[in-house]
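Please prepare a report on the protein and ligand shown below.

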Amino acid sequence: MAKSTQAKPALLTVDDDPEVLRAVERDLRREYGDRFRVLRAESGATALEALKQLKLRNDPVALFLVDQRMPQMSGVEFLEEAMQLFPEAKRVLLTAYADTDAAIRAINNVKTDYYLLKPWDPPEERLYPVLNDLLDDWLSSFRPPFTGIRVIGSRWSPQSHQIKDFLARNQVPYQWMDIEADEEAHRLVEYAEPDGPHLPLVLLSDGSRLIQPSNGQIAEKIGLKTRAEKPFYDLVIVGGGPAGLAAAVYGASEGLSTVMIEKEAPGGQAGSSSRIENYLGFPVGLSGGDLARRAVTQARRFGVEILTPQEVKGVRVEDPYRIVQLADDSEINCHALLIATGVAWRKLDVPGLQELTGRGVYYGAAQAEALSCQGEEVYIVGGANSAGQAAMYFSKYARKVTMLVRGDSLTKSMSQYLIDQISAQDNIKVQVHSSVVEAKGENSLEAITIANTLTGEKETRPATSLFIFIGALPRTDWLDGVVERDKQGFILSGPELMRHRRPRGWNLDRDPFLLEASVPGIFVAGDVRYGSVKRVASGVGEGSIAIQFVHQYLSKVGG
Ligand SMILES: Cc1cc2nc3c(=O)[nH]c(=O)nc-3n(C[C@H](O)[C@H](O)[C@H](O)COP(=O)(O)OP(=O)(O)OC[C@H]3O[C@@H](n4cnc5c(N)ncnc54)[C@H](O)[C@@H]3O)c2cc1C
């Protein structure tokens, strides 16, 4: 992963006389080189360029030490501009005796902290005491700036949302800067893209930037891996949710060369859960992000290769190999394949929603957007556990959370512990017999129309944020014609395949194993499996059990 270490604060000295510049630099380095970066520039213009780069990297500047008499741009003129960029930095003018008046005027105009008369020898008497005092003062109020990734964009841009969601789900700390609400964001965009802004803009701690990047481009920058190291593995796992991660840990710990391919971020649906309270061994619950981070660390420790973001687009069977085709057209061969692709949010199909998705309308995404909803009213559609967890999470940030539930109560669809938490929370309102029938807005969501499911009566309310949690379906079209699925796309396995006879094309003289699909050597675990219990623990259980069958299969497979 890209390192984000805090750079030492800079001392910048500017002078057009190369000899004086060298002398100042030498003296500064000698006394402050261990704690500060000493930078120098021969003109105000070059110095301002350097400052813009420091600003884009979020590196701090502690002090300017600037000659007053410079052609093109005087010291005072330079400081006028520099203080826009680093208002907290201390300002010292270097002056000749004849410039004393200008220096004194500057104390008022650009609030210089000091003016030093040249020459400053010996520095121990005439330079360091002054600078020590100023630097002590600066350090006393210095708060180290954020050193990670900064994302600048519009809150209502779907691309901004996609980047924030990708970083959050991959556990990469970032700072969100809203171009509509943050002056600093404006300035940074101006420096980074003087020829016109293209947002979102991602600034990385090494000073590089990405304009309107794809998840793949960000992944490359932050050190995620999307290409497999080897052409062949004993086991390929598709999907990095709880089922895939458990299989990866068990597979690799038992000696199988294992690669796990995940199209968004390890953790799957569980990764988007703000608090899982029923997972064994965590009496106070844990967040899905935390579970994912721990599982990824464990998998890596056993040598699992994790490719993310990378999507599997198809599978070919050429016995004894299962050949996995990836979105970038590369292929990976394996003997055993485990499909653990889970389910994805079902879309709500009402007028206006599709156009506003990512612009105030979101599926899941509680964690990435919660901060932006500070002090606002948030609407949540759905009455199951995922909606309940989201409501609890948003209630910490939003002024009011309204849950729109089609049925007459939460009791049929939600666990009792969550119902209790919700009713104890003052700023959550549960509105039953209610469904969203329309969304309106120009650039972002402005209003929703809610229908009463009993009376049909409609009401339109102003709304800026709508989060939808209405169940999920598998996305397994890429397996069409490869393994047997039910009408909704859930994959059949083991006994489910054996209603009357062995599956068509099955060429072994044994029945499919418990978690084996209709092709020998292709296994399935977790929510994507037909008839599965849709829980974190059951996904983890199935992922681990599947490895037992993988071993049995591999012991017989020809190579
Ligand atoms: C908000 C929320 C809260 C929840 N809370 C709880 C709870 O408190 N307790 C509980 O027990 N359960 C909870 N659940 C349910 C639980 O998260 C799921 O049952 C569990 O995550 C299923 O795990 P899985 O590995 O089968 O699939 P998933 O978690 O769905 O993971 C599948 C992964 O496969 C990836 N993928 C899909 N297709 C491809 C492809 N073609 N190529 C590569 N990768 C692909 C997806 O990106 C995804 O990361 C919650 C679910 C949600 C959404």
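## Overall architecture

The protein chain contains 17 helices and 26 strands, where helices (H or I, at least four residues) and strands (E, at least two) are DSSP runs numbered from the N terminus. This is a predicted model, in which local features need pLDDT of at least 70 and side-chain atom pairs count only at pLDDT 80 or more, while totals for chains, interfaces and linings use all residues. Residues are numbered from 1 along each chain as its sequence is written, and side-chain values use heavy atoms, with hydrogens and water left out.

Taken along the principal axes, the C-alpha atoms of the protein chain fill a box of roughly 105 × 65 × 45 Å. Of its 559 residues, 52% count as buried, that is, under 20% relative accessible area, with exposed meaning over 50% and partly exposed in between (1.4 Å probe, protein chains only). The chain exposes about 26000 Å², of which carbon and sulfur atoms supply 48%; accessible areas come from the Shrake-Rupley method with a 1.4 Å probe, and for residues only the protein chains shown count as cover. Among contacts (heavy atoms within 4.5 Å) between residues at least 6 apart in sequence, 64% join residues at least 24 apart.

## Nonpolar cores

A nonpolar core is here a set of buried Ala, Val, Leu, Ile, Met, Phe, Trp, Tyr and Cys residues joined through side-chain atoms within 4.5 Å. The largest such core has 35 residues, and Val14, Leu51, Val61, Phe64, Phe78, Phe86 and Ile152 are those that touch the most other members. Among the elements that give two or more residues to this core are strand E1 (10-14), helix H2 (44-57), strand E3 (61-67) and helix H3 (75-85). Not counting residues up to four places away in sequence, phenylalanine 86 touches Leu51, Leu54, Lys55, Asp59, Val61 and Phe64. A second, separate core of 28 residues includes Leu235, Ala252, Ile306 and Leu515.

Aspartate 67 lies in strand E3 and, at 3% relative accessibility, counts as buried. Apart from residues up to four places away in sequence, aspartate 67 touches Val14, Asp15, Asp16, Gly75, Leu94 and Lys118.

Glycine 543 belongs to helix H17 (residues 536-554) and is buried, with a relative accessible area of 0%. Leaving aside neighbours within four places in sequence, glycine 543 is in contact with Ala243, Ala246, Ala247 and Ala525. The C-alpha atoms of glycine 543 and histidine 186, which are 357 residues apart along the chain, are separated by 48 Å.

## Ligand surroundings

Around the ligand there are 33 residues, of which Glu262, Gln269, Asn278, Gln389 and Asp527 come nearest; a residue is near if one of its heavy atoms lies within 4 Å. By class, this shell has 13 nonpolar, 14 polar and six charged residues, with Ala, Val, Leu, Ile, Met, Phe, Trp, Tyr, Cys and Pro counted as nonpolar, Asp, Glu, Lys and Arg as charged, and the others, Gly among them, as polar.

Oxygen atoms of the ligand lie 2.8 Å from a backbone N or O atom of aspartate 527, 3.2 Å from a backbone N or O atom of arginine 535 and 2.9 Å from a polar backbone atom of valine 536. The protein covers 94% of the 1000 Å² of accessible area that the ligand has on its own. Helix H10 (242-253), helix H11 (268-271) and helix H15 (385-394) are the elements that give two or more residues to the shell, and H11 gives the most, with three residues.

Conventions: Polar contact = N/O pair within 3.5 Å; in protein donor to acceptor, adjacent residues only side chain to side chain.
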